[in-house]
Amino acid sequence: MLEVVGLNAGYGPVNVLEDVTIRVDEHAFFGLLGANNAGKSTLINALSGTVAARGGRIMFDGHDITGLGPEKVVELGIIQVPEGRLVFPQMSVIDNLMLGGYSKRARGQRRQRLDEVFDLFPRLAERRSQMAGTLSGGEQQMLAIGRGLAANPRVLMLDEPSLGLSPLFVQNIFKALSDLHKAGLTILVVEQNLHLTLSHATRCAVLERGRVVVEGAGDELRNDPNTRRAYLGL
Ligand SMILES: Nc1ncnc2c1ncn2[C@@H]1O[C@H](COP(=O)(O)OP(=O)(O)OP(=O)(O)O)[C@@H](O)[C@H]1O
Ligand SMILES: [Mg+2]
C-alpha cells in the first residue's frame, strides 16, 4: 500500500534519512523502532508531506506521491497523529473531533466517524463537551487518535503515542490500535516501547542513524538473538 524506495530527507545542510526503503502492506500494523534522533519522526513527516524528500520515491497504491503537499496527502487518507498530541486546548472534545473530519474525503461521514470514535474511547464520549485542555494526558492522546480517525484514514500514522502516559493508558492506547487493526485499518506506529510494539506489530523496522538496519515480522525480530542484542538492546 505504502512503499518508500531509497528515500533521502533532511534539514538544511543535514541529511537525516539515507536510502530508506520500507514497505507497509495494506492491513499491516507496522512498527518503526529506533533510538532518539534515528530519524523516525523525519520518516513519518516525509510520508505525511511535511518534510520534503530529497531523493527516492514514496508510492501509495501504486502511485508516486513524492513531493505532494500535506493537504493532498490527507485527501488520499494518509493521516498522521502528531507527536505530543497537539489537540486544541480551548475547544471541546467534540469540536476537536469535528475539525479532524474537515477534509473533503471525511466531511460527509463525520457523524458516523464520531460514533466510531466514541465506541472506541468511551471516556471521550463522557467528556464530549469538556475543553480538550482539561483532559488528562492519556485522554488527550485518545482525542488526538480520535481526530485522526475522524479524517477517515486508510493509513493511520502515529508518532510515539505512548510517550509520557501511565502504564494503564499505554495499554488502553495499544488495545485501541489493535482493535482498529483488526477492523482492517493499516497502522504505522513510531515507538520506543519495544515490548508492546514487537508484540502487536505484524512487521517492524529498526532505524539507526537514518538507515533501516533490520526489517521483519514482529516475532522474528523479538526472537532473533542478534537483532535483540545489536538493535533492540534486549
Ligand atoms: N526541524 C528540524 N531542523 C533541523 N534538524 C532537525 C529537525 N527535526 C529533526 N532534526 C534532526 O534530525 C535528526 C533526526 O530527528 P528525528 O526527530 O527524525 O528523530 P527521531 O528518531 O524521531 O527521534 P526521537 O526518538 O527523539 O523522537 C536529529 O538529529 C534531529 O536533531
Ligand atoms: Mg521523534
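Ala-46 touches Leu-7, Ala-9, Leu-17, Val-51 and Ala-53, when residues up to four places away in sequence are not counted; two residues are in contact if their C-beta atoms, placed from the backbone, lie within 7 Å. The structure is a predicted model, in which local features need pLDDT of at least 70, side-chain atom pairs count only at pLDDT 80 or more, and totals for chains, interfaces and linings use all residues. Residues are numbered from 1 along each chain as its sequence is written, while chains are lettered from A and ligands numbered from 1 in the order in which they are written.

Ala-46 lies in helix H1. Helices (H or I, at least four residues) and strands (E, at least two) are DSSP runs, numbered from the N terminus. Ala-46 counts as buried because it has 25 C-beta neighbours inside 10 Å. A residue is buried if 20 or more other C-beta atoms lie within 10 Å of its own, exposed if 12 or fewer, and partly exposed in between, with C-beta atoms placed from the backbone. Between Ala-46 and Gly-138, which are 92 residues apart in sequence, the C-alpha to C-alpha distance is 26 Å.

The residues around ligand 1 are Tyr-11, Val-14, Val-16, Gly-34, Asn-36, Asn-37, Ala-38, Gly-39, Lys-40, Ser-41 and Thr-42; a residue is near a molecule or strand if its C-beta atom, placed from the backbone, lies within 6 Å of it. At least two residues of this shell come from each of strand S2 (14–24) and helix H1 (40–47). H1 provides the largest share, three residues. Sorted by class, the shell holds four nonpolar, six polar and one charged residues. In this scheme Ala, Val, Leu, Ile, Met, Phe, Trp, Tyr, Cys and Pro count as nonpolar, Asp, Glu, Lys and Arg as charged, and the others, Gly among them, as polar.

The view may now widen to the whole chain. The protein chain has eleven helices and ten strands. Its radius of gyration is 17 Å, close to the 17 Å that the globule rule gives for 234 residues, so the chain is as compact as a globular protein of that length. This radius is taken over C-alpha atoms, and the globule rule is 2.2 Å times the number of residues to the power 0.38. The C-alpha trace spans about 50 × 35 × 30 Å along its principal axes. Of the 234 residues, 41% count as buried. Among contacts between residues at least 6 apart in sequence, 67% join residues at least 24 apart.

Two packed helices are described by the angle between their axes and the distance between the axes. Helix H5 (residues 110–120) packs against helix H7 (residues 137–150) at an angle of about 145°, and their axes are 9 Å apart. Axes are lines fitted to C-alpha atoms, for helices over the stretch in contact, and angles run from 0 to 180 degrees between N-to-C directions. The crossing of H5 past H7 is right-handed; a crossing is left-handed if the near helix is turned anticlockwise from the far one by less than a right angle, and right-handed if clockwise. H5 contributes Arg-110, Arg-113, Leu-114, Glu-116 and Val-117 to the contact, and H7 contributes Gly-146, Leu-149 and Ala-150. These residues divide into four nonpolar, one polar and three charged.

Helix H3 (residues 93–100) is the other partner, with its axis coming within 7 Å of that of H7 and crossing at roughly 35°. H3 also passes H7 in a right-handed crossing. Here Val-93, Asn-96, Leu-97, Leu-99 and Gly-100 of H3 meet Leu-143, Gly-146, Arg-147, Gly-148 and Ala-150 of H7. The contact residues comprise five nonpolar, four polar and one charged.

Within H7 itself stands Ala-144. Ala-144 is buried, with 22 other C-beta atoms within 10 Å. Leaving out residues up to four places away in sequence, Ala-144 touches Val-81, Arg-85, Leu-86 and Val-87.

Beyond this helix, Asn-152 lies in the loop between H7 and strand S7 (155–159). Phi of Asn-152 is near 60°, a positive value in a residue other than glycine. Asn-152 counts as buried, with 22 C-beta neighbours inside 10 Å. In the loop between S7 and helix H8 (167–182) lies Glu-160, whose phi, near 50°, is likewise a positive value in a residue other than glycine. Glu-160 has 20 C-beta neighbours inside 10 Å and therefore counts as buried.
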